[in-house]
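Visitor: I am new to this structure and would like to learn how to read it. Please take me through some of its features.

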Amino acid sequence: MHNLPSQPGVRVNLAELIEMRHRVREVQLFSTPAQRSPLIGLHHSKLRGRGVDFDQVRVYQAGDDVRTIDWRVTARTQEPHTKLFHEERERPIYILVEQSPRLFFGSGLMFKSVLAAQAASLIGWAALGHNDRIGGLVFGDQEQHEIKPRRSKQSLLQLLNRLARANQALHGEGQANRDSFGLALRRAREVLRPGSLAVIICDERTLSDSGEQQLILLARHTDLLLLPICDPLDHALPAAGLLRFAERGAQLELDTHDAGLRQAYRAQGEARQARWQRLAQKLGVPLLALSTQREMIEQLRDHLNAQRPGKRL
């Protein structure tokens, strides 16, 4: 693999992903004892202080130890409840992040592949600071690189190193494996225990029927956070005359002065956005769509502000 120099917005290196740790304080992704995040639903606990073993009672979930059932609350509510202990709240956060040729593109501030890597890094550092176990899967069209969740900086650095290497290796053409997303999600289902948090960072266009089905299955036992990545050109074509596209020897010409073509293209983009929105609503999970057009942390802040009290996730 060529260790290409980092080009701002085009490629990212490990040092830049490590630097992202300094930006965690700019956006409240996870709750602290002093401040609740609007994404509170992603963590069962309101506080994560140390020194207290017993924490709270919640509805029994598949995979919970039957020995921790709280029979008094179960009798009162007529629904099985289990006791949560502090150790159980240091849960795995598993970041699935795409680095495939379809992301090696951008007409905004950066390439989609760079935006995906930055988002994964920010969430990883936030999770580590929150005392969670961190791991994940970097997937592309040809390969997957998995890091098992552990509560150590080393585990996060391994994930970021894999991510930077995959990003550096990207180029405009690749052998498409249409089900790489489905394979990555299947792997997550195999390794994640109930109550884990799976963070999905992928191209908006990656969502296929099989991928959607895998997300529905994954959501049965794990919490999800969806971050589809897009570029302005995914949603609208400029009236720029004749555009030529080439990929793996095939060529395509589009006359962008054709209003009907531009309208059909825009409708396709809107349909993709709507599909993600429907899925997030159906699963009851947060959707934090990101565009290459704006700075990432600014977008995350806007999403979180929209989730503030009165707008329950």
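**Reading the sheet and the helices**

Guide: Strand β4 is mostly covered, with six of its seven residues buried. Buried means under 20% relative accessible area, exposed over 50%, and partly exposed in between (1.4 Å probe, protein chains only). Helices (H or I, at least four residues) and strands (E, at least two) are DSSP runs, numbered from the N terminus. The model is a predicted one, in which local features need pLDDT of at least 70 and side-chain atom pairs count only at pLDDT 80 or more, while totals for chains, interfaces and linings use all residues. Residues are numbered from 1 along each chain as its sequence is written, and side-chain values use heavy atoms, with hydrogens and water left out.

Visitor: In what order do the strands of the open sheet stand?

Guide: Strands of a sheet pair through backbone hydrogen bonds, either parallel or antiparallel. Two strands are taken to pair if DSSP finds at least two bridges between them. Here six strands form an open sheet in the order β5-β4-β3-β6-β7-β10, and the pairing is mixed. The edges are β5 (144–150) and β10 (290–291), each with a single partner strand, so one side of each has no neighbour in the sheet.

Visitor: How many bridges join β4 to β5, and how many pair β3 with β4?

Guide: Strand β4 (residues 133–139) is joined to β5 by five bridges, and the two run antiparallel. Leu137 stands opposite Glu146 in β5. Strand β3 (residues 92–98) pairs with β4 in the parallel sense over seven bridges. In that pairing Val97 stands opposite Val138 in β4.

Visitor: Are the faces of β7 covered or uncovered?

Guide: Both faces of β7 are covered. On one side Asp223, Leu225, Leu227 and Ile229 are buried, and on the other Leu224, Leu226, Pro228 and Cys230 are buried. Pro228 of β7 is the bridge partner of Cys202.

Visitor: Which strands does α8 lie across?

Guide: Helix α8 lies across β6 (197–203) and β7 (223–230), and runs at about 170° to β7. Axes are lines fitted to C-alpha atoms, for helices over the stretch in contact, and angles run from 0 to 180 degrees between N-to-C directions. Contact means heavy atoms within 4.5 Å.

Visitor: How do the axes of α6 and α8 cross?

Guide: Two packed helices are described by the angle between their axes and the distance between the axes. The axes of α6 (residues 209–218) and α8 (residues 259–283) come within 11 Å and cross at roughly 20°. That makes α6 roughly parallel to α8. Angles under 35 degrees count as roughly parallel, over 145 as roughly antiparallel, 65 to 115 as roughly perpendicular and the rest as oblique. The crossing of α6 and α8 is right-handed. A crossing is left-handed if the near helix is turned anticlockwise from the far one by less than a right angle, and right-handed if clockwise. Asp209, Glu212, Leu215 and Ile216 of α6 make the contact with Arg275, Trp276, Leu279, Lys282 and Leu283 of α8.

Visitor: What about the axes of α5 and α6?

Guide: The axes of α5 (residues 180–191) and α6 come within 9 Å and cross at roughly 15°. That makes α5 roughly parallel to α6. The crossing of α5 and α6 is left-handed. Among the residues making this contact are Phe181 and Leu185 of α5 and Leu215 and Leu218 of α6.

Visitor: Is Leu122 buried or exposed, and what is it in contact with?

Guide: Leu122 is in helix α3 (residues 112–129). Leu122 counts as buried because its relative accessibility is 0%. Leaving aside neighbours within four places in sequence, Leu122 is in contact with Met20, Arg23, Val24, Val27, Leu29, Met296, Ile297 and Leu300. Glu19 is 103 residues from Leu122 in sequence, and the two are 9.4 Å apart in space, C-alpha to C-alpha.

Visitor: What is the phi of Gln78?

Guide: Most residues other than glycine have a negative phi. Gln78 has a phi near 65°, a positive value in a residue other than glycine. Gln78 lies in the loop between α2 (71–77) and β2 (81–85). At 70% relative accessibility, Gln78 counts as exposed.
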